[in-house]
Amino acid sequence: MAEPKYQIRALHTDSTVTVYQAYAQEIGLPAAREGRFPEVWKRDRMTWIKPRS
């Protein structure tokens, strides 16, 4: 079976969900190296996962 183009990767417990976000190299590499997002990262471009109520 082919791997899907888009995936949501996460770990969960009874009380938490940890979701992994992929970034372009120009964002992800500096963020991992420096421990903060670089200037090109924009908060308004984030995707939010909302729990059902």
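**Entry 1: salt bridges**

I started with the term itself: a salt bridge is a side-chain nitrogen of Lys or Arg within 4 Å of a carboxyl oxygen of Asp or Glu. By that rule I found three salt bridges in the structure. Before going on, I noted that this is a predicted model, where local features need pLDDT of at least 70, side-chain atom pairs count only at pLDDT 80 or more, and totals for chains, interfaces and linings use all residues. I also wrote down that residues are numbered from 1 along each chain as its sequence is written, and that side-chain values use heavy atoms, with hydrogens and water left out.

One of the salt bridges joins the side chains of Arg9 and Glu3, at 3.7 Å from N to O. I then checked how open Glu3 is, with these cut-offs: buried means under 20% relative accessible area, exposed over 50%, and partly exposed in between (1.4 Å probe, protein chains only). Glu3 comes out as exposed, because its relative accessible area is 61%.

Next I looked at Glu34. The Glu34 and Arg33 side chains meet at 3.9 Å, N to O, and for Glu34 and Arg36 the closest N and O atoms are 4.0 Å apart. Glu34 counts as partly exposed, because its relative accessibility is 44%. Arg33, at 61%, counts as exposed, and Arg36 is exposed too, with 53%.

**Entry 2: the overall layout**

I took helices (H or I, at least four residues) and strands (E, at least two) as DSSP runs, numbered from the N terminus. The chain has one helix and two strands, and they run in the order β-β-α along the sequence.

How do strand 1 and strand 2 pair, parallel or antiparallel? They pair in the antiparallel sense, over four bridges; two strands count as paired if DSSP finds at least two bridges between them. Strand 2 covers residues 17-20, and there Thr18 is the bridge partner of Leu11. I traced the link from strand 1 to strand 2 and found a hairpin of four residues.

**Entry 3: helix 1**

Helix 1 spans residues 25-34, and its buried residues are Ile27, Pro30 and Ala31. Seen down the axis, the buried residues of helix 1 fall within an arc of 105°, so they line one face of the helix; the arc is that of the directions from the helix axis to the C-beta atoms. On the face turned away from that buried side I found the exposed residues Gln25, Leu29, Ala32 and Arg33. Gly35 follows helix 1 and has a positive phi, near 75°.

I also followed Glu39, which sits in the segment after helix 1. Glu39 counts as exposed, because its relative accessibility is 73%. Glu39 and Ile27 are twelve residues apart in sequence, and their C-alpha atoms are 8.6 Å apart in space.

**Entry 4: rings**

I looked for ring pairs with this rule: rings of Phe, Tyr and Trp (its six-membered ring) pair if their centres lie within 6.5 Å, and planes under 30 degrees apart count as stacked, over 60 as edge-to-face and the rest as tilted. The structure holds two aromatic pairs. For Phe37 and Trp41 the ring centres are 4.1 Å apart and the planes sit at 10°, so that pair is stacked. Phe37 is partly exposed, at 34%, whereas Trp41 counts as buried, at 18%. Ring pairs also bring in Tyr23, giving a cluster of Tyr23, Phe37 and Trp41.

**Entry 5: the surface**

Which residues form a nonpolar patch on the surface? I got Ile8, Val17 and Val19, with about 310 Å² of accessible area together. Patches are made of residues with over 30% relative accessible area and no salt bridge, where like charges are joined within 9 Å and nonpolar side chains (Val, Leu, Ile, Met, Phe, Trp, Tyr) within 5 Å. Accessible areas come from the Shrake-Rupley method with a 1.4 Å probe; for residues, only the protein chains shown count as cover. Ile8 lies in the segment before strand 1 (9-12), and counts as exposed because its relative accessibility is 72%.

Last, I checked the totals. The chain exposes about 5,800 Å², with carbon and sulfur atoms supplying 54% of it. Of the 53 residues in the chain, 9% are buried.
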